[in-house]
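Here is a short tour of this model for your next look at the screen. Have the sequence and the 3D view open side by side as you read.

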Amino acid sequence: MKKIKIGLLGFGTVGQGVWKILNSNMDEIISKCGYEIEIKKILVKDINKKRCVDVPKEILTTNSDDIFYDEEIKIIVELIGGAHPAKEYIIKAAECKKHIVTANKLVVASFADEIFKAVNENNVMIYYEASVGGGIPIIKGINESLTANKIKEITGIVNGTTNYILTKMTDEGLEFEEALKQAQNLGYAEADPTSDVEGFDAVYKLAIMASLSFNTSVDINSIYREGIGRIKAVDIEYAKRFGYVIKLLAIAKEEDNLELRVHPAMVEKNHPIANVGDSFNAIFIKGNAVGDLLLCGRGAGDLPTGSAVVSDIISIIRNNFDVPYNFNYEVNSSKMPIKQSKEFISKYYIRLDVKDQAGVLGQIANIFGQHNISILSVTQDVFAEHKVNLVFVTHDAKYGNIVDSLEKIKTLNSVNGIENVIRIYEFN
Ligand SMILES: NC(=O)C1=CN([C@@H]2O[C@H](COP(=O)(O)OP(=O)(O)OC[C@H]3O[C@@H](n4cnc5c(N)ncnc54)[C@H](OP(=O)(O)O)[C@@H]3O)[C@@H](O)[C@H]2O)C=CC1
Ligand SMILES: N[C@@H](CC=O)C(=O)O
Ligand code: NA
């Protein structure tokens, strides 16, 4: 049997997922690409760490040169995560004429120009299906199956950790911290979960999807971002009462310009995306020929992510090593203009903590009116002595007007605080 030897950089959740898949599915893999795939070396930080799989000690190394300079190793799979040294390792792999597979969205989204330059100059391939949507074939979807389309929108749930947390808070009333701990134990979260919770991970994934979909090169710093840190049980309860579910959405739309945003949003409870729970991701795509498309599957975890990584290895083998076939986007393409966040239009849920006294509602409604914000509904609930939650749902409004009006509202004596502002997202 013909054999391809590969090297792994990193042997955590995803690395061990890859190991398990290669062990359990080798016959299937051989039938797909005609080669047996052997992991020759694995770079780790700590050789003595206990692993979930039985791996011969001699395969593990703490010296990356054992992989870069091994002539037999043809493909290097980067699974250490983080910016550095992952980026440098990917570039070095290209310089050593190794093909590359990575699951690292941070690196692909942040250093696309340097990485694609290195692979192109060295005539090697880089595949990164696992970097977005875990096991969902979204990168191949955009680059192969949907190339006949002009894509108008690509919106979805692209972070498994936050979806898991929100699902547990919504369905089981779990506290945020407990739900996060569970997501970490299940291997969904990044080494630093701030990346998940504060929406950075979703920003990286959106940058990659939007760059590929709109033939541009999206700068991660141009993406508006809010995480789920401010979502409280009471907001989840109000969402339920109003017929919504809260999800962390990553949104990219092309109209006159490119609208790019990551933030929690209330989604109508009957929309398919509202029912995507746990660590599942779902990506809604609008193409001008295909129409509406929804891709859904596990966005995190060892086997779903390993599935994308191993499939990328098979793609490289199938593509014939001598004819590099890449999914690189044009990093020097003229950048599309990006819509300013103050121009974002949506309905808003606004929860205020106010004093239970005469005239407060009128004062607030007046300020909204002055800023051209029309109110769809108002709900008032006493939650402590002389204190009420006053919850407004607006009609479509510009974010800039919402911000300006809240600046004024928070100066009112009757207002104790602006507790939360959440967009309501309507899929068209
Ligand atoms: N977990 C998931 O569900 C998903 C993860 N990803 C991405 O996949 C990548 C890997 O994630 P995951 O497996 O969860 O990460 P883990 O933290 O579980 O594993 C990281 C591995 O890399 C090794 N490592 C880290 N830094 C170094 C270094 N400087 N030198 C040598 N080895 C190093 C660690 O070694 P040691 O074991 O000795 O500590 C560990 O084996 C990340 O880019 C992540 O964003 C993408 C999709 C889903
Ligand atoms: N931390 C990420 C892992 C997959 O990309 C997530 O939770 O989605
Ligand atoms: Na994917």
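In strand 10, R261 is the bridge partner of Y224. Please keep in mind that this is a predicted model.

**Strand 10 and its partners**
- Strand 8 (residues 224–225) runs parallel to strand 10, and two bridges join the pair.
- Strand 9 (residues 244–254) runs antiparallel to strand 10, with 11 bridges between them.
- A hairpin of three residues links strand 9 to strand 10, and E254 stands opposite L258 of strand 10.
- Strand 17 (residues 415–425) also pairs with strand 10, in the parallel sense, over three bridges.
- To locate this last pairing, look for M266, which stands opposite I424 in strand 17.

**The nonpolar core**
- The largest nonpolar core holds 131 residues, and those touching the most other members are V77, I115, L206, M209, A210, V309 and I313.
- Helix 11 (residues 200–213) gives the most to this core, contributing 10 residues.
- Setting aside its neighbours within four places in sequence, A210 is in contact with I154, V218, A252, L258 and L260.
- In soluble globular proteins, nonpolar side chains tend to be buried together.

**Domains**
- The domain assignment divides the chain into domain 1 (3–134 + 303–318), domain 2 (138–299) and domain 3 (344–425).
- The C-alpha centres of domain 1 and domain 3 are 50 Å apart.

**Ligand 1**
- Ligand 1 lies between domain 1 and domain 2, because both give residues to the shell around it.
- That shell has 26 residues, and the closest to ligand 1 are G10, G12, G81, A103 and A300.
- Helix 1 (residues 13–24) gives the most to the shell around ligand 1, with three residues.
- By residue type, the shell around ligand 1 comprises 12 nonpolar, 10 polar and four charged residues.

**Ligand 2**
- The residues surrounding ligand 2 are G134, N159, G160, T161, Y188, A189, E190, D196, D201, G299 and A300.
- The shell around ligand 2 splits into three nonpolar, five polar and three charged residues.

Terms used: Residues numbered from 1 in each chain as written. Chains lettered and ligands numbered in written order. Predicted model: local features only at pLDDT ≥ 70, side-chain atom pairs only at ≥ 80, totals over all residues. Core = buried A, V, L, I, M, F, W, Y, C linked by C-beta atoms within 7 Å. Buried ≥ 20, exposed ≤ 12 C-beta atoms within 10 Å, placed from the backbone. Helix = DSSP H or I, 4+ residues; strand = E, 2+ residues; numbered from the N terminus. Contact = placed C-beta atoms within 7 Å. Near = placed C-beta within 6 Å. Nonpolar A, V, L, I, M, F, W, Y, C, P; charged D, E, K, R; others polar. Domains from an automatic or database assignment. Pairing = 2+ DSSP bridges.
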